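Colleague: I'd like to go through this model with you, term by term. Could we look at it together?

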Amino acid sequence: MSKQQPTQFINPETPGYVGFANLPNQVHRKSVKKGFEFTLMVVGQVMTMFSFSSKGESGLGKSTLINSLFLTDLYPERIIPGAAEKIERTVQIEASTVEIEERGVKLRLTVVDTPGYGDAINCRDCFKTIIAYIDEQFERYLHDESGLNRRHIVDNRVHCCFYFISPFGHGLKPLDVAFMKAIHNKVNIVPVIAKADTLTLKERERLKKRILDEIEEHNIKIYHLPDAESDEDEDFKEQTRLLKASIPFSVVGSNQLIEAKGKKVRGRLYPWGVVEVENPEHNDFLKLRTMLITHMQDLQEVTQDLHYENFRSERLKRGGRKVDNEDMNKDQILLEKEAELRRMQEMIARMQAQMQLQLQGGDGDGGAHGHHV
Ligand code: GDP
């Protein structure tokens with residue numbers, strides 16, 4: 001993070017401005033009138049027992065980050081499930097759509113959250129649910145496209161997936177690898193390191209490098225920002241270069257406004273100071289947002305030209321039969337087995353910890369109360 005140039009990523013206008021009003025520069029007028037349709041999926045495992053805080057925090061901060069990104073509360077009535085519920089749980093798909101308007105430009109944003117991902121003992125099911133959702137959207141689009149009313153197709157295809165990686169591991173977990181491989185031919189993956197405020201700058205750099213090495217080693221295809229065209233202006237070229245160099249983005253989210261240097265900013269308050277979400281010196285949040293906004297059209301095009309085309313040609317090869325989720329390659333199954341094994345190990349450790357607690361406390365009722373350990 002040594003080569004950051006703060007000016008490049010500062011909000012173009014007032015703080016709290018998302019910046020998609022510049023989108024019309026990317027596309028032609030017709031789409032401007034209609035507004036933009038964009039679907040972003042967020043996936044990330046809950047933290048393991050070893051990283052749970054006393055407050056029982058579990059998520060990697062997906063919803064907090066989304067709220068910070070779009071300055072809107074997408075999940076006002078969210079209920080966080082208890083520990084016992086989590087062990088049984090399978091992944092759910094929660095799609096929320098908001099329409100945001102800035103300077104007359106409309107964005108119909110759908111965020112697809114996947115709570116419960118990686119919670120259950122059998123992770124294969126959580127893969128299946130997510131893959132089935134992505135395929136269903138392709139399926140629907142294919143159906144609408146071949147229908148009579150092609151002018152008004154609603155595009156609910158998943159254009160991008162933010163994959164949240166835990167800051168507490170030493171890189172990718174087998175589940176991360178297996179999942180990304182399972183979806184990389186279907187959706188644009190943007191890896192992000194969650195809760196970057198829990199890491200020092202050195203640790204972030206180390207983790208980033210490790211993750212990139214592992215992505216290469218396992219042949220995981222993540223979304224590649226296209227190189228800036230040679231006729232683009234120098235600032236844009238430099239911005240693209242910096243964005244590329246920051247992948248995987250290490251981000252901080254917050255739903256709180258805090259007073260810092262006389263201004264109200266989104267941030268996290270610590271005894272030693274405030275971590276500002278929109279400060280490029282503190283984390284990559286603004287870079288992630290800049291990447292998303294400036295490449296929204298490219299993400300849509302790659303979805304159309306690559307992922308949707310893959311789906312369509314696969315369907316044609318099968319003579320129109322639906323793609324069967326059971327058709328996973330061997331490599332993937334092996335990785336899943338590995339992930340399952342790790343889950344089992346965690347469960348054993350959890351049981352051991354519980355037994356230890358019972359031995360110490362002697363209350364012996366063995367209920368699943370208290371925090372998810
Ligand atoms: P989700 O389940 O992945 O959607 O996670 P949430 O957004 O609900 O966040 C889970 C917990 O982590 C909450 O207590 C948040 O306040 C906290 N949290 C969210 N983002 C961050 C972050 O960037 N840094 C830290 N330290 N905590 C965060």
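Colleague: What makes up the shell around the ligand by class?
Modeller: The shell has six charged, five polar and three nonpolar residues. Asp, Glu, Lys and Arg count as charged, Ala, Val, Leu, Ile, Met, Phe, Trp, Tyr, Cys and Pro as nonpolar, and the others, Gly among them, as polar. This is a predicted model, where local features need pLDDT of at least 70, side-chain atom pairs count only at pLDDT 80 or more, and totals for chains, interfaces and linings use all residues. Residues are numbered from 1 along each chain as its sequence is written, and side-chain values use heavy atoms, with hydrogens and water left out.

Colleague: Which residues come nearest to the ligand?
Modeller: Of the 14 residues around the ligand (a heavy atom within 4 Å), those are K62, S63, T64, K195 and D197.

Colleague: Why is α2 called roughly perpendicular to α8?
Modeller: α2 (62-70) and α8 (residues 285-294) pack at about 65 degrees, with their axes 11 Å apart. Angles of 65 to 115 degrees count as roughly perpendicular, so α2 is roughly perpendicular to α8. The axes are lines fitted to C-alpha atoms over the stretch in contact, with angles running from 0 to 180 degrees between N-to-C directions. Helices here are DSSP runs (H or I, at least four residues), numbered from the N terminus.

Terms used
Helices (H or I, at least four residues) and strands (E, at least two) are DSSP runs, numbered from the N terminus. Angles under 35 degrees count as roughly parallel, over 145 as roughly antiparallel, 65 to 115 as roughly perpendicular and the rest as oblique.
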